[in-house]
Each structure stands twice: as C-alpha cells, then as structure tokens.
Amino acid sequence: MSELNLTDTILNIDALEGILAIPDLSVDLVIADPPYGLGKDYGNDSDKKGSSEFLRWTEKWLSLVIPKIKPTGSLYIFTTWRYSPEIFVFLKSRMFMVNEIIWDRKVPSMGGSTRKYSSVHDTIGFFTKTKDYYFDLDAVRIPYNEETKKARSRSIFLGKKWLEIGYNPKDVWSVSRLHRIHSERENHPTQKPLEIIERMIRASCPENGLVLDPFAGSGTTIAACLLNNRHYIAFEVNRRYYDIILQRIERIHNGSYDVTPLAKRGNNGSRKTKASRDNGQLSLL
Ligand SMILES: C[S@@+](CC[C@H](N)C(=O)[O-])C[C@H]1O[C@@H](n2cnc3c(N)ncnc32)[C@H](O)[C@@H]1O
C-alpha cells in the first residue's frame, strides 16, 4: 500500500498492510493490543501461532510501526508474563523503556489454578521513541476525595500542588475487566476498559494529536480518541469486530453513547453500570 492520509480512518484490513501506508514520524502515540499468543478465538487464526512464529510476527509488526512514531512519541503494548520478557528485550534495543505497567484486572477469588498462582494481570510496556517524550501528568492525576484532603490538613501539607490537583497514577492499575453490567461493554472477547486507554491517550498524546491502534478490536482506542479530542488511525482484520466499531462510533457521534469521559469522571474510575442487570454480579467486580 502506498502512503495515504488515513487520519480518522478505520480500515478492515491486516495491520501489517495498513501500517505501510502511514507516513514515517507522523504518529504521536501507538496503542497496541495485539493477539497475546495465547490461542484466543478472534474468529480467525491470528492468535493460534506457536511461540517462535508469534514472536517473529510480533517483531515484524513492531519493526514496521516504530518508524511511524514521532521523536516525542510513545508506544504502549499489552502483553502477558509469557511473552513480555522477549518483547521487552526486543523493544529495549529500539526504544526507551519508561514503565512496565501492571493491569490488575480485579479478578474475583474463586478457586483458580491449583499448581501455580492464579494469573490476574496483564503486563503493559510503555516505551518512547526518545527520552524527550510528550507526557502530560496533570491530565491524568487522580484527585483526592474531601476526606483525604481534610486528613492532610497539617501545615506541612498546606499549598501542596499534589493535594489540590491529585496524585500521579502508579504503575499498578487496578481496573475491573469489563462485565455485561458495564454500559461500555461490546461483544468482543478481550475488550479493554476505556478508563485504561483514556489514561494512556490523555498522558501520552497532545490534544488533536494522532493515535495509531493497529489491532482495534471493539474500537476502544477510537472511542477514547473521540471522547478526548484526539485523531486516530485503526485497523481491525475481523469484519464482525469492524462492524461493532462502526456502530460504536455512530453512537458516539449521535450522542447515544452511554459513557462519561474520564475527564468528567475525575480519573478514578466509577464506571457506569446498566441498572437493570443482576446486582449479584456487582459483588464479583
Ligand atoms: C486483543 S484484541 C484488541 C481489543 C481492543 N483493544 C478492544 O479494546 O476492543 C486484538 C484484535 O486484533 C485483531 N487482529 C488480529 N490480527 C490482526 C491483524 N493482523 N491485523 C489487524 N487486526 C488483527 C483481532 O481480530 C482482535 O480483535
């Protein structure tokens, strides 16, 4: 594919084809949530590769994506403990590693593995093109509640900026995975919570900047871009998920999308739930 202006476009194609059409050094932020190499069913064989084939494929698309990122740009990659060591070593040879973020999916305790500890987190690598990267901490600070502010009333705390505008998120993000009761839930097996993607976008992409999501799934990155005034380019190979994305975008455009953007929720969760669903499930979150 020759170079094209794909800004604010979602294409139903293989990411490895689409990435080639993006001009070099044009992307502020890549949010990559690829198949994890764990055999998930995405309606195709994309997650059914053996270890070495999976790692070869990962290195291939990463090598295509990295040149597209601006010198001030960043990349977040979702992975798991199984492959994060190899992927991070590869990325560290080409980019600057800023953080390893643990997404604690808040999985309820219900039995689980008997020959090992139950795995309840995703590993997210945060890499930048150079050390001179864009990062807007104030956009993702977590406000203190009034009670905590009152408890910090001693003179040493008076006038402290962090007390007024909130603290910076730590590298363990405890955000419940999505359940049917959550109003943002779409019909996709590994949909990510908006809260996580919005945080990445608000911290690592300037307003009106460009975000690339090569593996769009249900379109969470696109929704987060639309809710936070960022542009996007996205690819999704599965036609069914692509249609879900189009419907999701349509609901955002026509005002019927029932989700409050992170900026208005105050950066600390409290996601909307569908009122009519079984309350019992809430206790599992
Ligand atoms: C982990 S899911 C992404 C979920 C997404 N972040 C969300 O919140 O909905 C990975 C997605 O990549 C898609 N995919 C797999 N191989 C692909 C490829 N070569 N090009 C584009 N999309 C691909 C799968 O169909 C799947 O929907």
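Me: Which residues sit on the face of H8 turned away from its buried side?

Reply: This is a predicted model, so read what follows as computed from it. In an α-helix there are 3.6 residues a turn, so residues three or four places apart point the same way. Here, the face of H8 turned away from the buried side carries the exposed residues Arg239, Arg240, Asp243, Gln247, Glu250 and His253.

Me: And which residues of H8 are buried?

Reply: Tyr241, Tyr242, Ile244, Ile245 and Arg248 are the buried ones. They cover an arc of only 155 degrees around the axis, which puts them on the same side of H8.

Me: What do those buried residues pack against?

Reply: Two elements: strand E1, residues 9-11, and helix H7, residues 220-227.

Me: How far does H8 reach from its first C-alpha to its last?

Reply: A helix can be checked against 1.5 Å a residue. H8 runs over residues 239-253, 15 residues in total, and reaches 21 Å, close to the 21 Å expected. Past its end, look for Gly255, which follows H8 and has a positive phi, near 80 degrees.

Me: Let's take the other side of that packing. Is Ile222 buried or exposed?

Reply: For burial, count neighbours: 20 or more other C-beta atoms within 10 Å makes a residue buried. Ile222 lies in helix H7 and is buried, because 26 other C-beta atoms are within 10 Å.

Me: Which residues does Ile222 touch, not counting those up to four places away in sequence?

Reply: Ile10, Asp213, Ala216, Tyr232, Ala234, Ile245 and Ile249.

Me: Now the ligand. How many residues surround it, and which are the closest?

Reply: There are 21 residues around the ligand, and the closest are Ser46, Phe215, Gly217, Ser218 and Thr220. Sorted by class, that shell has 9 nonpolar, 8 polar and 4 charged residues.

Me: Zooming out, how many helices and strands does the chain have?

Reply: The chain has 9 helices and 8 strands. Its radius of gyration is 19 Å, close to the 19 Å the globule rule gives for 285 residues, so the chain is as compact as a globular protein of that length. The C-alpha trace spans about 60 × 45 × 45 Å along its principal axes, and 33% of the 285 residues count as buried.

Me: What share of the contacts between residues at least 6 apart in sequence join residues at least 24 apart?

Reply: In this chain, 72% of them do.

Terms used
Residues are numbered from 1 along each chain as its sequence is written. This is a predicted model: local features need pLDDT of at least 70, side-chain atom pairs count only at pLDDT 80 or more; totals for chains, interfaces and linings use all residues. Helices (H or I, at least four residues) and strands (E, at least two) are DSSP runs, numbered from the N terminus. The expected span of a helix is 1.5 Å times one less than its number of residues. A residue is buried if 20 or more other C-beta atoms lie within 10 Å of its own, exposed if 12 or fewer, and partly exposed in between; C-beta atoms are placed from the backbone. The arc is that of the directions from the helix axis to the C-beta atoms. Two residues are in contact if their C-beta atoms, placed from the backbone, lie within 7 Å. A residue is near a molecule or strand if its C-beta atom, placed from the backbone, lies within 6 Å of it. Ala, Val, Leu, Ile, Met, Phe, Trp, Tyr, Cys and Pro count as nonpolar, Asp, Glu, Lys and Arg as charged, and the others, Gly among them, as polar. The radius of gyration is taken over C-alpha atoms; the globule rule is 2.2 Å times the number of residues to the power 0.38.
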